[in-house]
Amino acid sequence: MNAYAPILVLGALAAAFAIFSVVAATLIGPKRYNRAKVEAYECGIEPTPTPAGGGRFPIKYYLTAMLFIVFDIEIVFLYPWAVTFDALGLFGLVEMLLFVLTVFVAYAYVWRRGGLEWD
């Protein structure tokens, strides 16, 4: 238990600081409310009403999310591979080349569908 004591103390201090900051901000902070402050924040154009079913989203949203997920997963697997590269040898190199090839197929799909054009 002695090995975990500093971690528990640090966690308790972090939680106490977070709770103290939130409580102090609500008690001490200014309370000047006006119509603009209580409305939902929207930057850019005014939001338009959506249909009852929620409306349709352009494919760009899904392609952007897919691109993020593909490269996020790639990094999650590339980092441990890079750390243990020497121990894996040729087998690890071939497996990672196959993985990168699979990721490249997803990248080519997003590129072909126009997910990289930001207009």
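Start with H1: of its 24 residues, the number buried is one, so H1 lies largely in the open. Select residues 5-28 to see this helix. From its first C-alpha to its last, H1 reaches 34 Å, close to the 34 Å expected at 1.5 Å a residue. Keep in mind throughout that the model is predicted.

**Stop 1: H3**

Next, select residues 59-83, helix H3. Check its length end to end. The end C-alpha atoms of H3 are 37 Å apart, which agrees with the 36 Å that its 25 residues should span at 1.5 Å a residue. Now colour by burial. The buried residues of H3 are Leu63, Leu67, Val70, Glu74 and Trp81. H4 is included in what covers them.

**Stop 2: H4**

Select residues 85-112 for helix H4. What is the distance between the end C-alpha atoms of H4? They are only 33 Å apart, whereas a straight helix of 28 residues would reach 40 Å at 1.5 Å a residue. Move to phenylalanine 91. Here H4 bends by about 75°.

Show the buried residues of H4: Gly92, Met96, Val103 and Val110. Their cover includes helix H3. Then step just past the end of H4 to glycine 114, which takes a positive phi of about 90°.

**Stop 3: the H3–H4 contact**

Display H3 and H4 together. Two packed helices are described by the angle between their axes and the distance between the axes. Here the axes of H3 and H4 come within 10 Å and cross at roughly 175°. Because of that angle, H3 is roughly antiparallel to H4; the cut-off is over 145 degrees.

Select the contact residues one side at a time:

- On H3, take Leu63, Met66, Leu67, Val70, Phe71, Ile73, Glu74, Phe77, Leu78, Trp81, Ala82 and Val83.
- On H4, take Phe85, Leu88, Gly92, Leu93, Met96, Phe99, Val100, Val103, Ala106, Tyr107, Tyr109 and Val110.

Colour the selection by class. The contact of H3 with H4 has 22 nonpolar, one polar and one charged residues.

**Stop 4**

Zoom in on glutamate 74, in helix H3. Is glutamate 74 buried or exposed? It is buried, because its relative accessible area of 12% is under the 20% cut-off. Which residues does glutamate 74 touch, leaving aside its neighbours within four places in sequence? They are Phe99, Val100 and Val103.

Step to isoleucine 73, also placed in helix H3. With 40% relative accessibility, isoleucine 73 counts as partly exposed. Valine 103 is one of the buried residues of H4.

**Stop 4: Tyr107**

Finish at tyrosine 107, in helix H4. Its relative accessibility is 26%, so tyrosine 107 counts as partly exposed. Select around tyrosine 107, leaving aside its neighbours within four places in sequence: the contacts are Leu67, Phe71 and Leu116. Leu67 is among the buried residues of H3. Leu67 and Phe71 are both on the H3 side of the contact with H4.

Last, zoom out and draw a distance from tyrosine 107 to alanine 25. Their C-alpha atoms are 45 Å apart in space, and the residues are 82 apart in sequence.

Conventions: Residues numbered from 1 in each chain as written. Predicted model: local features only at pLDDT ≥ 70, side-chain atom pairs only at ≥ 80, totals over all residues. Heavy atoms only, no water. Helix = DSSP H or I, 4+ residues; strand = E, 2+ residues; numbered from the N terminus. Expected span 1.5 Å × (residues − 1). Bend = angle between axes of the 7 residues up to and from the residue. Buried < 20%, exposed > 50% of the residue type's maximum accessible area, 1.4 Å probe, protein only. Contact = heavy atoms within 4.5 Å. Axes fitted to C-alpha atoms, helices over the stretch in contact; angles between N-to-C directions. Parallel < 35°, antiparallel > 145°, perpendicular 65-115°, else oblique. Nonpolar A, V, L, I, M, F, W, Y, C, P; charged D, E, K, R; others polar.
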